[in-house]
Amino acid sequence: MKIPLAKPYLDKEEAQYAYDTILSAWVTQGPKVQEFEEKFADYVGSKYAVAVSNCTTALHLSMIVAGVTVDDEVICPSMSYVATANSIRYVGAKVVFAEVNPVTYNINIEDVRKKITSKTRAILIVHQMGMPADIDAFKELCAEKNLVLIEDAACAVGSSYKGKKIGSHSDLVCFSFHPRKVITTGDGGMIATNNETYRDRLKLLRQHGMSVNDRVRHESNKVIFEDHIEVGYNYRMTDIQAAVGIKQLEKLDFIVEERRKIAFQYHEAFKDIDTIRLPLEQENYFSNYQSYSIYLKPECKISRNDLMQTLLDKGISTRRGISTAHRETAYKTYQENYSLPVSEDASDRSIVIPLYYPMLQEEIDYVIEQFRVAII
Ligand SMILES: *Cc1c(COP(=O)(O)O)cnc(C)c1O
């Protein structure tokens with residue numbers, strides 16, 4: 001058997017809608033993008049949603065509208081995909097890394113509190129592998145210290161916190177539609193917000209700072225000239241991507257339910273193994289299980305890397321746990337003396353195993369069997 005780590009769930013519906021869009025001749029930031037934004041906002045329960053080219057550009061624009069500039073500091077976890085920290089560097093601000101909780105891998109609020117200085121402008125939290133962080137605690141902290149909260153929800157589309165979808169809780173929530181996430185548009189991103197001022201500036205910045213968008217100009221029966229109000233970017237999403245996204249969104253709840261069923265099978269199958277720790281979903285937290293990560297305790301008889309090789313020899317793809325940005329080459333000379341032992345340990349001792357829809361029952365059973373054989 002050959003089992004990949006992940007696979008997007010796309011079929012003829014996405015292909016047909018993309019096909020129709022291509023033939024419509026409106027292929028970028030037109031009606032399909034608008035439709036996707038409206039449906040996405042509706043789905044997550046935010047007032048607005050702004051589509052962009054990917055989550056990294058969503059984070060970059062969020063930094064700008066949050067007013068983060070050089071001389072500011074932004075606190076984020078080191079244990080995340082490196083794009084999280086990079087988005088802070090794009091605006092010239094200083095990245096301040098905080099520790100994570102060793103069980104949920106989500107950012108540790110006590111450590112964040114210690115790292116707030118007079119220069120701190122924003123806190124960038126990450127919903128790790130789809131497991132929500134404690135958003136309310138961070139909202140409170142931000143209110144108390146007059147900071148902006150930004151959510152890196154790249155992996156968390158379809159997840160919920162306290163009964164409400166991720167995207168509805170704060171004003172800069174950034175999503176990814178990369179194929180490694182739960183739904184995909186090839187590449188793509190979205191910012192959910194309830195703040196009209198943010199929405200307008202995000203829309204301006206994603207399209208070169210242009211005062212009139214193409215759709216408005218196209219629909220106008222008066223001649224309109226555009227102005228470029230500030231230095232913007234080309235972070236547009238295409239209508240072809242948006243068409244795919246609209247169809248993916250219709251399937252999202254179903255995909256999440258199916259992913260959760262597989263995750264629960266893993267929970268059941270591995271819960272008796274006391275040398276490992278499984279993902280923990282606390283009350284009020286609802287994960288889409290974008291990834292299923294298992295922590296190998298020090299007493300585990302096989303090392304993480306050997307386990308990965310053993311499983312690969314059996315045809316099962318795995319990945320290391322989430323990496324730490326502060327140990328990447330791009331950050332090594334950037335700041336020194338980072339002590340983040342919990343993040344390093346969590347990253348070095350965890351393994352991500354296959355989880356996707358549709359994963360056949362025999363594939364699930366095979367992963368369970370091979371994992372148990374290798375680890376016990
Ligand atoms: C994937 C990911 C990103 C980057 O998303 P792109 O859409 O590929 O730019 C950012 N942050 C986290 C936590 C991610 O997992």
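User: What angle and what distance between axes describe the packing of helix 2 and helix 9?

Analyst: Helix 2 and helix 9 pack at an angle of about 25°, and their axes are 8 Å apart. Axes are lines fitted to C-alpha atoms, for helices over the stretch in contact, and angles run from 0 to 180 degrees between N-to-C directions. This is a predicted model: local features need pLDDT of at least 70, side-chain atom pairs count only at pLDDT 80 or more, and totals for chains, interfaces and linings use all residues. Residues are numbered from 1 along each chain as its sequence is written, and side-chain values use heavy atoms, with hydrogens and water left out.

User: Why are helix 2 and helix 9 called roughly parallel?

Analyst: Angles under 35 degrees count as roughly parallel, over 145 as roughly antiparallel, 65 to 115 as roughly perpendicular and the rest as oblique. The angle here is about 25°. Helix 2 and helix 9 are therefore roughly parallel to each other. The crossing is left-handed (near helix turned anticlockwise from the far one by less than a right angle; clockwise makes a right-handed crossing).

User: Which residues make the contact between helix 2 and helix 9?

Analyst: Contact means heavy atoms within 4.5 Å. Helix 2 contributes P31, K32, V33, E35, F36, K39, F40 and Y43. Helix 9 contributes D239, A242, A243, G245, I246, L249, L252 and D253. By class, the contact has 10 nonpolar, one polar and five charged residues. Ala, Val, Leu, Ile, Met, Phe, Trp, Tyr, Cys and Pro count as nonpolar, Asp, Glu, Lys and Arg as charged, and the others, Gly among them, as polar.

User: What makes helix 1 and helix 9 roughly antiparallel?

Analyst: The axes of helix 1 (residues 12-24) and helix 9 (residues 239-270) cross at roughly 150° and come within 8 Å. That angle puts the pair in the antiparallel class, so helix 1 and helix 9 are roughly antiparallel to each other. Helix 1 passes helix 9 in a right-handed crossing.

User: How do you know where a helix or strand begins and ends?

Analyst: Helices (H or I, at least four residues) and strands (E, at least two) are DSSP runs, numbered from the N terminus.

User: Why is strand 2 described as largely enclosed?

Analyst: Buried means under 20% relative accessible area, exposed over 50%, partly exposed in between (1.4 Å probe, protein chains only). Five of the five residues of strand 2 (residues 73-77) are buried, so the rest of the structure largely encloses this strand. E73, I75 and P77 lie on one side, V74 and C76 on the other, and both faces are covered.

User: How do you know that strand 2 and strand 3 pair?

Analyst: Two strands pair if DSSP finds at least two bridges between them. Strand 2 and strand 3 (residues 94-98) have five bridges, in the parallel sense. C76 stands opposite F97 of strand 3.

User: Why do strand 1 and strand 3 stand at the edges of their sheet?

Analyst: The open sheet has seven strands in the order 1-9-8-5-4-2-3, with mixed pairing. Strand 1 (48-52) and strand 3 each have a single partner strand, so one side of each has no neighbour in the sheet. On average, neighbouring strands are turned by 25° against each other, direction ignored. Helix 2 packs on this sheet, touching strand 1, strand 8 (173-176) and strand 9 (189-193).

User: What makes Q29 and N284 stand out in their backbone angles?

Analyst: Most residues other than glycine have a negative phi, and most peptide bonds are trans. Q29 has a positive phi of about 35° and is not a glycine. N284 also has a positive phi, near 80°. Q29 is buried at a relative accessible area of 5%, whereas N284 is partly exposed at 48%.

User: Which peptide bond is cis?

Analyst: The bond joining Y357 and P358 is cis, with omega about 0°. P358 lies in the loop between strand 14 (350-353) and helix 13 (361-375).

User: Why does S293 count as buried?

Analyst: S293 has 4% relative accessibility, so it counts as buried. S293 sits in strand 12 (residues 292-296). Beyond neighbours within four places in sequence, its contacts include Y105, M129 and R277.
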